[in-house]
Amino acid sequence: MSVQPIKLYDYELSSECYKVRLTMAALRIPYERVELDVYPGLEHQSPWFLTINPLGEVPVIDVGDFILRDAHAILVYLSRRYDLSGLWNPMASAEAQGLIMMWLAFARDLSATAAAARLHDAMFYAADIDQCRAGAHTCLRVLDEHLWFNEQHGDDWLCSGGHPSIADIACFPDVMLCEEGGISRLAYPAVRRWTDRVKRIPHFVQMSGIFGAPPALADPLPAG
Ligand SMILES: N[C@@H](CCC(=O)N[C@@H](CS)C(=O)NCC(=O)O)C(=O)O
């Protein structure tokens, strides 16, 4: 295992970067943040950063002898390398790995719809906003039904196994930020219960627009 701290090229408001920060926190991986001024500074288009990622996108990690871009690729790498339990990216069976990949691909559908609507409304990116919002609602409906059926079997997470996985982390940010793109989660109660559970994952970290869960009713009152 590398002794050099991982460098994360990061942007606070990016849901893709937040997936990486959540994973780093959950797996207790120390890292160093290199914060880019993506908007409005467009630092991701600067010559120095294009030598690191010619696509001009964050997140990117630099592990010293190894540079990796793409949030989901980074989640797979970190979970393979640092999660000794194997629970965050279960690969015991072909089915388990297939399901993780399916939900990572679903998180891409959320990026193309819910996140695109947010970027349109908050950062003036071009998009067909009605199509983005309609697509996001299709995703949320599918997610809500899946989570509801899982709950009936006592399963709290996207993939069975009784433990959150990188698939939960990949889907969570764009679901949480969808209201910034004019997409309400009110009609999706199982999704709202699941987001509350994700916020209670040990070592959960917040980002601008995504706050931690309030104390559970069963939690003891703070002293004093
Ligand atoms: N497939 C990439 C997409 C990353 C991405 O789109 N990052 C955004 C920030 S959320 C970005 O860097 N955008 C640059 C731009 O809009 O020009 C990933 O998952 O990491």
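1. Basis. The model is predicted, with local features needing pLDDT of at least 70 and side-chain atom pairs counting only at pLDDT 80 or more, while totals for chains, interfaces and linings use all residues. Residues are numbered from 1 along each chain as its sequence is written, and side-chain values use heavy atoms, with hydrogens and water left out.

2. Ligand shell. The residues around the ligand are S14, E16, H44, Q45, G56, E57, V58, P59, D70, A71, R108 and Y125, where a residue is near a molecule if one of its heavy atoms lies within 4 Å of it. By class this shell holds 4 nonpolar, 4 polar and 4 charged residues. In this classification Ala, Val, Leu, Ile, Met, Phe, Trp, Tyr, Cys and Pro are nonpolar, Asp, Glu, Lys and Arg are charged, and the others, Gly among them, are polar.

3. The side chain of H44 places an N or O atom 2.9 Å from an oxygen atom of the ligand. A polar backbone atom of V58 is 2.8 Å from a ligand nitrogen atom, and a polar side-chain atom of D70 lies 3.0 Å from a nitrogen atom of the ligand. On its own the ligand has 510 Å² of accessible area, of which the protein covers 76%; areas come from the Shrake-Rupley method with a 1.4 Å probe.

4. Largest pocket. The ligand sits in the largest pocket, in the sense that more than half of its atoms lie within 2 Å of the pocket's grid points. A pocket is an open set of points, on a 1 Å grid over the protein atoms alone, with protein on both sides within 12 Å along at least five of seven lines; a cavity is a set where a 1.4 Å probe fits but cannot get out, and lining residues have an atom within 4 Å of a point. The space in the largest pocket is about 610 Å³, a volume being the space filled by probe spheres set on the points, which are joined across faces, edges and corners. It has 23 lining residues, with S14, E16, E57, V58 and L119 the closest to its centre. Helix 1 (15-26) and helix 4 (94-123) are the elements that give two or more residues to this lining. Helix 4 gives the most, with 6 residues. Helices (H or I, at least four residues) and strands (E, at least two) are DSSP runs, numbered from the N terminus. The lining divides into 11 nonpolar, 6 polar and 6 charged residues.

5. Cavity. The count is 1 cavity of 30 Å³ or more. The largest cavity has a volume of about 50 Å³ and is lined by L22, A25, A26, I169, V198, I201, P202, H203, F204 and V205. Helix 1 gives the most to this lining, with 3 residues. By class the lining has 9 nonpolar residues, 1 polar and no charged.

6. Backbone. The Y39 to P40 peptide bond is cis, with omega near 10°; P40 lies in the loop between strand 2 (31-35) and helix 2 (47-50). L42 is found in the loop between strand 2 and helix 2, and its phi is positive, near 55°. V58 and P59 are also joined by a cis peptide bond, with omega about 5°, and P59 is in the loop between helix 2 and strand 3 (60-62).

Definitions and conventions. A polar contact is a pair of N or O atoms within 3.5 Å; within protein, one must be able to donate a hydrogen and the other to accept it, and residues adjacent in sequence count only if both atoms are side-chain atoms.
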